[in-house]
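The sequence and structure come first, followed by the findings.

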Amino acid sequence: MKISVRSWLSLVALLSPLALAAPARAAVVWTATFESNKSGDVCSSGAANAEFKPGINEKNGTRINAQVLATAAHSGSLGCQITVHPDDLLPPYNQDRVDIQHPSTLTDEGKDSYLSGWYMMPADAQMRNEIGFYETNKSFANAMDIWVAPKTATGGGTTINFAIGFLPDKATWTADFKAGVWHQVALHVHWSQTATSGYVDLWLDGQQTVTMLKGKTKPNADTLFYQTGLHRKLPMSFTDTIVFDDFIEGDALADIKIATPGTGTDGGVATDGGAAGAGGATGAAGMTGSAGAVGVAGVTGTAGQTGAAGATGAAGETGSGSTGSAGTMGAAGSTGAAGTGGGAGTTGGGAATGSAGCACALDARSSGKSCLGSLGLLGVVALAARRRRRGS
């Protein structure tokens with residue numbers, strides 16, 4: 001089917017407002033994989049392109065407390081290991097603390113941020129340690145906490161906990177956090193200074209465990225940064241270690257690559273309702289499918305090939321006419337070559353003219369007068385035949 005240029009322009013004019021009105025697609029705004037570092041580097045830097053910015057006690061004298069290491073990698077070749085020691089103090093609060101920070105750009109009033117990262121503790125927690133929290137710029141008010149703690153029940157083990165507020169004592173949510181395996185922790189925060197408007201969603205190992213927990217997610221009008229590492233409320237005589245890797249922040253759930261329960265590198269840690277969590281991952285694949293639908297519009301472009309074939313046919317007709325004229329001019333010449341050209345340009349009589357020309361040029365015994373006479377006679381015959389065709 002041929003589509004005219006006017007039809008194409010009409011279609012473009014119709015679709016252009018729809019394209020302009022389409023919502024912006026989700027976007028990843030930050031990642032941290034530590035692959036741009038070298039083993040032994042500090043995990044944070046003040047450089048403009050640094051994945052993490054300096055926080056508290058990432059170095060203590062010559063000792064690196066937040067160190068890029070191959071043994072800390074969740075994927076790739078490098079990750080970050082943080083170790084807090086008894087002398088890693090935060091004055092004047094008398095706390096042990098080592099952490100690094102990411103200044104988020106998605107924490108203004110009414111905005112939504114999505115963040116995920118992978119964590120692993122080589123050994124069970126010995127006391128409560130904040131491993132991730134949001135804090136305000138300028139006023140440095142703590143907004144919400146993720147922390148690990150030793151299990152109180154016999155048999156040991158570690159729990160992971162979450163609550164909104166300033167270093168909250170009581171967890172709104174708690175779950176097992178097995179030592180020695182990787183766990184993905186993911187947060188969605190709707191930022192608001194109003195407790196009835198702000199809320200948080202949380203995923204552990206691909207399973208959503210907190211859904212729309214209401215709370216004042218912004219203590220004030222300040223923007224916030226995400227801090228991760230180890231933060232003990234009191235100084236202790238022992239060390240604690242945690243490793244982490246593969247952070248992503250975006251403005252939509254699809255950006256942060258929520259894991260499928262039981263299939264990650266956490267050694268197959270599964271939770272109740274794991275099958276439902278896997279269904280959520282399938283939904284993300286559906287979003288990818290809709291992006292493919294946009295590509296179908298490109299198929300319409302193949303209709304242009306039909307138009308191109310038509311143009312080629314027209315050009316062939318013009319070439320045929322031009323060849324005929326050139327052949328007539330060849331007949332007027334006295335050389336056999338021109339006569340041959342005339343044969344190509346005309347039908348019937350033109351071919352005879354070509355033969356006569358060739359015979360004249362090649363027969364050395366023929367006189368010039370005889371040749372000219374033959375050419376003249378054939379020319380008269382051809383002219384008479386042409387006049388009869390025009391009159392018919």
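## A buried pair between strands

Arg97 has a relative accessible area of 7% and is therefore buried (buried means under 20% relative accessible area, exposed over 50%, partly exposed in between, with a 1.4 Å probe and protein chains only). Glu135 is likewise classed as buried, at 10% relative accessibility. The two side chains, Arg97 and Glu135, form a salt bridge with an N to O distance of 3.7 Å. This pair joins distant parts of the chain, 38 residues apart: Arg97 belongs to strand β8 (residues 95-103) and Glu135 to strand β10 (residues 129-136). Strands (E, at least two residues) and helices (H or I, at least four) are DSSP runs numbered from the N terminus.

## Basis of the model

The model is predicted, with local features requiring pLDDT of at least 70 and side-chain atom pairs counting only at pLDDT 80 or more, while totals for chains, interfaces and linings use all residues. Residues are numbered from 1 along each chain as its sequence is written, and side-chain values use heavy atoms, leaving out hydrogens and water.

## Other salt bridges

A salt bridge places a side-chain nitrogen of Lys or Arg within 4 Å of a carboxyl oxygen of Asp or Glu; the count by this rule is eleven. Among them, Arg128 pairs with Glu130, with the closest N and O atoms 2.5 Å apart, and both residues are buried.

Lys233 and Asp169 also meet in a salt bridge, at 3.0 Å from N to O. Lys233 lies in the loop between β17 (224-232) and β18 (240-250) and Asp169 in the loop between β12 (158-164) and β13 (173-176), so the pair ties together parts 64 residues apart in sequence. Lys233 is partly exposed at 28% relative accessible area, whereas Asp169 is exposed at 66%.
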